[in-house]
Amino acid sequence: MQSLDNFISGKLAKLEAASLRRTLVDTFREDGIWVTRGGRRLLSFCCNDYLNLSQHDAVKTAAIEATRKYGVGSGASRLVTGNHPLFAELEARLARLKGTEAAIVFGSGYLANTGIIPALIGKDDLILMDELNHACLWGGSRMSRAKIVTFPHADAAMARKLLAKHRASHPHAMIATDGVFSMDGDIAPLRALSDMAKEYDAWFLVDDAHGLGVVGGGRGSAFIENPPVEIPLQMGTLSKAAGGYGAYLCASRPVIDWMHNRSRTFVYSTGLPPASAAAAIAALELIETDKALTAKPVQKARAFTKSAGLPEPMTNIVPIMLGEEKRALRASEMLAEEGFLVVAIRPPTVPAGTARLRMTFTAGHPDAEIERLAHLVRSRVLGN
Ligand SMILES: *Cc1c(COP(=O)(O)O)cnc(C)c1O
């Protein structure tokens, strides 16, 4: 095995030299916003738990009760014996929230996209992708073996040109995009993409992992405008604003039935633990009913950018572009000394030369701390 370790150690050394090596840091999350790391208590601006529901009493209680009643695991793939009745309740709720006929729950967002795309699209087909799409949309697309054509980020005019050029030489086509872009905090041109998908008969898939619970009154990015944008394949995760774990696809009845039959990450993977399904049901109840709560993350982000002298964000995700990896790491270390956890995001998560600080605002962040962070960013990161 020596060649294996030698080979990998050399690769790790190269990452280290380029300031790109990553390591795990033990982090204890106290209450959804305060964390303890390396003996220090820090206010976190990098969790995706946007509504702090991972620590919400009603959500925790639902998970604990489900565990007591049904145990910790679902025991098998849902097609064998793992189809707990909680899944039907969760899926009915998701379909209602997204306005579709049906829904299917997967183990995680990564499993969802790597299961959904290859079940619908094959090697002779076409997938049109935003260049900044999430890694698991890329993963699923590559597994489909379709021809992948990328368009520049959020550029609907270029997307249309590329679709017009390539569509006719493929039997089926898909357009796939993030709804809210996780590292940039902007929103895809959903209406324009939906219109061209209809015009060219392409199937439109939106990964709205960061939209659920935060934009469109909590229903996600398709619901920001009235009438909502028509999206036949609405995917998202239960691990961000919903606070737990798992993911979903909301779509027509035939598409969902097909996923039960041909989505490999559904068929050949164990169903979610009952606690995760129960937690998601409780979280969705809050997302559907508490409009003041779902409005808060974006309000907090806007208070921050106003004080920091930055442009108003479309969502609760605010990137501060710093370019060089070292500059991002230094800024992150300075903020940690001041009591804030704001991680530096580096390639390959983002394109080379676009290292940044990424801040995510949650419903529970104290206003006074947001002010203090804004002043630090303004004076010591941006140098204004
Ligand atoms: C986090 C994320 C995923 C992955 O979801 P998990 O449930 O964490 O696997 C998928 N897509 C986007 C856009 C994400 O941000």
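In this predicted model, Glu91 forms a salt bridge with Arg78, and their closest N and O atoms are 2.9 Å apart. Glu91 belongs to helix H3 and Arg78 to the loop between H2 and H3, so the pair ties together parts that are 13 residues apart in sequence. Both Glu91 and Arg78 are buried.

The count of salt bridges comes to 20. Another of them brings together the side chains of Asp49 and Arg29, at 2.9 Å from N to O. Because Asp49 is located in the loop between E3 and H2 and Arg29 in strand E1, this pair ties together parts that are 20 residues apart in sequence. Asp49 is buried, with a relative accessible area of 5%, whereas Arg29 is partly exposed at 29%. A further salt bridge, between Glu369 and Arg372, has an N to O distance of 3.3 Å. These two residues both lie in helix H13 (residues 367-381), 3 residues apart, or about one turn of the helix. Arg372 counts as partly exposed, at 35% relative accessibility.

Strands E2 (residues 34-37) and E3 (residues 40-44) run antiparallel and are joined by 4 bridges; the bridge partner of Trp34 in E3 is Leu43.

Leu94 touches Ala103, Val105, Leu238, Tyr248, Cys250 and Leu284, when residues up to four places away in sequence are not counted.

Helix H6 (residues 156-166) has Ala156, Ala159, Leu162, Leu163 and His166 as its buried residues. They cover an arc of only 120° around the axis, and therefore lie on the same side of H6. These buried residues pack against strands E5 (126-130), E6 (147-151) and E7 (173-178) and helix H7 (190-199). On the other side of H6, Ala157, Lys161 and Lys165 are exposed. Asp155 caps the N-terminal end of H6, with a side-chain oxygen 3.3 Å from the backbone nitrogen of Ala157.

Methods
Residues are numbered from 1 along each chain as its sequence is written. This is a predicted model: local features need pLDDT of at least 70, side-chain atom pairs count only at pLDDT 80 or more; totals for chains, interfaces and linings use all residues. Side-chain values use heavy atoms; hydrogens and water are left out. Buried means under 20% relative accessible area, exposed over 50%, partly exposed in between (1.4 Å probe, protein chains only). The arc is that of the directions from the helix axis to the C-beta atoms. Contact means heavy atoms within 4.5 Å. A polar contact is a pair of N or O atoms within 3.5 Å; within protein, one must be able to donate a hydrogen and the other to accept it, and residues adjacent in sequence count only if both atoms are side-chain atoms. Two strands pair if DSSP finds at least two bridges between them. A salt bridge is a side-chain nitrogen of Lys or Arg within 4 Å of a carboxyl oxygen of Asp or Glu.
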